[in-house]
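I opened this entry to keep a record of what I looked up, beginning with the terms and going on to the residues.

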Amino acid sequence: MGVGVAVGLSGFAFGVTAAGAGVSLAQTCALSLFVFTGASQFALVGALAAGGGPLTAAAGAFFLSSRNAFYGLRLSGLLRLRGSARLAAAHWVIDETSAVALAQRGQHAVRLGFTVTGATLFVLWNLTTLIGALGAGALGDTDTWGLDAAGPAAFLALLAPMLRTGQERATAAAAVVLGLGLLPLLPAGVPVLAAALAAPLVLLAHGRALPRRRAAREAERTASEETR
């Protein structure tokens, strides 16, 4: 519940940001209700606010939300839901519910963590989205409040602890360089798609370096044996 409440309240920032980007009240609420994955929602309205086209904005949002499919693969075997319950649960497979569920031990605890987090977050996120969109006009120029930074900040806070290996950190760093470097060159929403190239580039570099590392370790092992 703590995770659901803490993150759910940031729906207010999304509502305000969407209204400031010119998205209607109905469209804003529909995004939270049917998309329900904060980073993708912020990416979409952010691209629209920067002058990007609807298709480009939607593509960036879709790309970001594709990570939820991988969460689903992991959670499917843990939750073991069937039928309509499985279909309903798929809509709640996001960063927060996955993190809480995967931290539990035992099927009952996994289901409880997933369900409570999902229900709390879904209700609060949609409620605060509505409040934010309705109250955006009273805030004046929403850009001066910097609320559009709430989404990326929350996403980075979730991502940072997952970067445990050098390869993962290198991928994140390369994505930042690509995203920021291409920002002035490409239309809004496209740099985030191009940043995805960081993953295959790092994997390619790692694959080429692997034989050299193995050869170096083998040489060290041989030298150590000869010394003995």
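I take helices (H or I, at least four residues) and strands (E, at least two) as DSSP runs, numbered from the N terminus. By that rule Leu 127 lies in helix 9, residues 107–135. The model is a predicted one, in which local features need pLDDT of at least 70 and side-chain atom pairs count only at pLDDT 80 or more, while totals for chains, interfaces and linings use all residues. Residues are numbered from 1 along each chain as its sequence is written, and side-chain values use heavy atoms, with hydrogens and water left out.

I next looked up the core. A nonpolar core is a set of buried Ala, Val, Leu, Ile, Met, Phe, Trp, Tyr and Cys residues joined through side-chain atoms within 4.5 Å, where buried means under 20% relative accessible area, exposed over 50% and partly exposed in between (1.4 Å probe, protein chains only). The largest such core has 16 residues, and Phe 14 and Trp 125 are among those with the most contacts inside it. Helix 4 (38–49) is one of the elements that give it two or more residues, and the largest share, four residues, comes from helix 4.

Then I turned to the aromatic rings, which pair if their centres lie within 6.5 Å (Phe, Tyr and the six-membered ring of Trp), with planes under 30 degrees apart counted as stacked, over 60 as edge-to-face and the rest as tilted. I noted four aromatic pairs in the structure. The ring centres of Phe 14 and Trp 125 are 6.2 Å apart and their planes stand at 20°, so this pair is stacked. It links helix 2 with helix 9, across 111 residues, and both partners are buried.
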